[in-house]
Amino acid sequence: MRKKQKSEYSLGAGSRREFLRDACLGSTALVKIAQPQKVNAADPPPTPTDASSTWAARLSSDRRHLELSYRGELWVTGMRVAIKFGGAEFSSDAQGAQLEIAPGGHTGETLVQARGPLPFTIALEVANSTLTISVRGMAGGEEDSALVEAELHAGPEPIQARLEDADDDVLQMACGQAASGLNNAVFDRFRDMALQVWSRQTSFEPMETGFRLRAGNHLNEAAVCRLEIVHDVYARRLPFYAPLDKTAWPHAPAGWCSWYRYFAAVTEDEILENARAVARDYQAFGLRYCLIDSGWQVAGGGENNGPIGGSWTEANTKFPHGMKWLADQIKAQGLQPGLWLSVFGNADRNFYNIHPDWFLHDENGNAKMGSWFGTYVADFSNPELIKFLSEVYRQHTLAWGFEYFKLDGENDTRDLWAKNRIRAFDPSLPANEAFRDALRVIREAMNAKPGVFFSACGPEYPTESMGIAQAARLGGDVVGDGESPSFRGVRTALAATRRGYYTHNIAWYADPDVLVVRPPLTRDEAVTWTSILGLSGQLLMLGDDMTSLPEDRREMLRKVIPVADIHPMELYPLTKDRHIWVLHVVRPYGRWAVAGLFNWDCAPGEMPSAFQGGAYEIETRNEGLLGRQQTYGVQEANSSVLAAAKQENEWLEALPEKPSGLELLPVPSYLSPPTARRVVLNFEKAGLNPEVEYLLYDFWNERFLGRVRYEFTAVLPAHTCQIISLRPFLGHPQLIGTDRHITMGAVELLDERWDWGKSLLHLTLKIVPNHPTTVSIYKYNRKLKNHSASQGTATLKEENEFVQVQMVSLLPEVTLLLEF
């Protein structure tokens, strides 16, 4: 460890001093965007002088700025303090100013003397991982203030975020290195650490290497701000947390999955027909995968509610040409084939009879311990079994040619192994260790071919696979076997998002389950479901029969493909469904937001939430009394859809003999018609800059909503939403929206420039060849004189305040010139 330089001081740990957090939150932070700035790479980072130190301070080379490191790692550079005192202004980096560092009067304190026309002292006090910054030597009045400005560095992919639930109605996410006025932390997912800032007024400005911080307070307050390092932001909730490696998959993939239309009855022909339809309609838009879900295996047909997890190696008679042939056919369509397996469940009795010692047994020697995922549960501590599975996945990858694996039943088989560990091959292993070791071997076998994607399914939230899988399911099935699509699926996806969206694009790609848009869902319900996936950027799998989907629903799906590279800004599990979603988008040529306003209220035909849990419990008891077992999809429908519950009650009432204890489902006799909900998007409360006037554009209705300040109100019926772009008004003609992608520019817009001298707007877009793409331009009281496109055709449609240009081109990149 190098010796301490003259201008560097270690701020050792001292007694903890509480900072008045309420005072820090006395006003809402504003986001003001600055131009990117670079860190001087020639300056060596500061390091503490002893192992007990946490924060260390050092002067920069110009001796007018401070650099702060925590446990030897640089977090803060270019720090300056500006003072407004008695009508005068002075800053620590002013011309002629100079800083000098000296030890403080007690342990954990360092004093920085600011020499100049208005001298003052900057006090740095450490208590554990917290650094309090205050100004001494001035007894200011109400109008006097101090401001700390600095550059914050939180790894190569810094995320500005909230670490704690503020219990408001806003869910935030970002595409690019964005900042919100609601957030007070920057997070480094590689170190699993965050720098949290507490101050009366705080703002963060994106810059090339991190964020520019401005934190201010009244000069007469005890401190200007407090910087707190938060350890184990994710590991404290997720013991197997590891940062997602995005090298091969820079954003969540998009594909099609067979389960939610065909379930275990799927056939080879149905897979091929859908692969052709998917390739025709979506491949050019960025969809990559065609996933064969359960139903292909020997002994995995799910007949009579039996197991769907069958043989790991043999296809059944519904797939007569075999899985290699089918994978080749999918590739011939330009898609990548995917395959579902129950990772440690198997219902193949013949295979069990050959290898009984590869499976678990209960205390009575019974091996039939499984359920839906397979009759027999693998003993994944058995090295012979793991060797066999390694060869299986090498075969599926290299010989069969599959490039995406969805491995199901992970939670259930892991829990059964833990319960029966005493009879396992190696009972000395902890369950999680045995499970993860086995899963790593399987993952390594997949790696025999570069770029193979692994999605874990628990069936819900298999956190034990974190650090091994690239994606994971967060919740239950959105449509069950025997169930028609309904808003229950939306609520299931919402529950999954509440539980684990904070892990998305940080630990893995989150999977809230597939997107279904087919009737009997209304168009509004389909739009709402599509918007959830599009705004959140989670893994996208389509779940309809793509050969018969109505054209308006097909076009709806195109608007969320490919998946945008979106990460959460709320780094904690959610406790409620929020009505306002705000996606902050940052690109080199501009910054804007996309707001989703939602009404999650119960609609006509939907079982009220207060009744659903009781209905499901009654139905389960009735099944036992009647000696029948309906599919889980029918059970879900009966407890969530009023018409299905009423039909079930009619059937029960018509029974000639009713067993004792049989109950009708609790269907309400009268429901008041739901009223529309007023959703108010207050710009400041949503993390936007309240001082800015925004141009609002409605995505799904392709409608300009005007120049708006402060807030916007939508009146929404139940199950509906409104998706709006909010672009700061720039004082000249500018883009306000597109119809290509729900992010309205994050995927398709490559550049936007305004030439004041020529009154010319330049737009460069990435479009889908031969597919019409429309951009909407705010004219700002100007007349469009000329327009031209570098390729293809450009057709105009002028409105009062904006003009729409529809482009069609054979080439994927078009430059549009608009002269005003």
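I began with Arg 678 and looked for its bridge partner in S35, which turned out to be Val 715. I noted that I was reading this from a predicted model. Widening the view, I found that strand S32, residues 677-682, runs antiparallel to S35 and that six bridges join the two strands.

Next I asked which residues of S35, residues 711-716, lie on its covered face and which on its uncovered one. I listed Phe 712, Ala 714 and Leu 716 on the covered face, whereas Glu 711, Thr 713 and Val 715 belong to the uncovered face. I wrote beside this that in a regular strand the side chains alternate between the two faces of the sheet.

I then turned to the cavities and counted four of 30 Å³ or more. The largest has a volume of about 70 Å³, and I found that its lining includes Cys 257, Tyr 260, Tyr 404, Lys 406, Arg 473, Asp 511 and Asp 513. When I sorted the whole lining of this largest cavity by class, it divided into six nonpolar, one polar and four charged residues.

The second largest cavity has a volume of about 50 Å³. Which helix gives the largest share of its lining? I found that helix H9, residues 487-500, does, with three residues. Among the residues that line the second largest cavity I noted Leu 171, Leu 494, Thr 497, Arg 498, Asp 577 and Trp 581. By class, I recorded four nonpolar, one polar and four charged residues for the lining of this second largest cavity.

How values were computed
Residues numbered from 1 in each chain as written. Predicted model: local features only at pLDDT ≥ 70, side-chain atom pairs only at ≥ 80, totals over all residues. Heavy atoms only, no water. Buried < 20%, exposed > 50% of the residue type's maximum accessible area, 1.4 Å probe, protein only. Helix = DSSP H or I, 4+ residues; strand = E, 2+ residues; numbered from the N terminus. Pairing = 2+ DSSP bridges. 1 Å grid on protein atoms, 1.4 Å probe; cavity = no way out; pocket = protein on both sides within 12 Å on 5 of 7 lines; lining within 4 Å. Points joined across faces, edges and corners; volume = space filled by probe spheres on them. Nonpolar A, V, L, I, M, F, W, Y, C, P; charged D, E, K, R; others polar.
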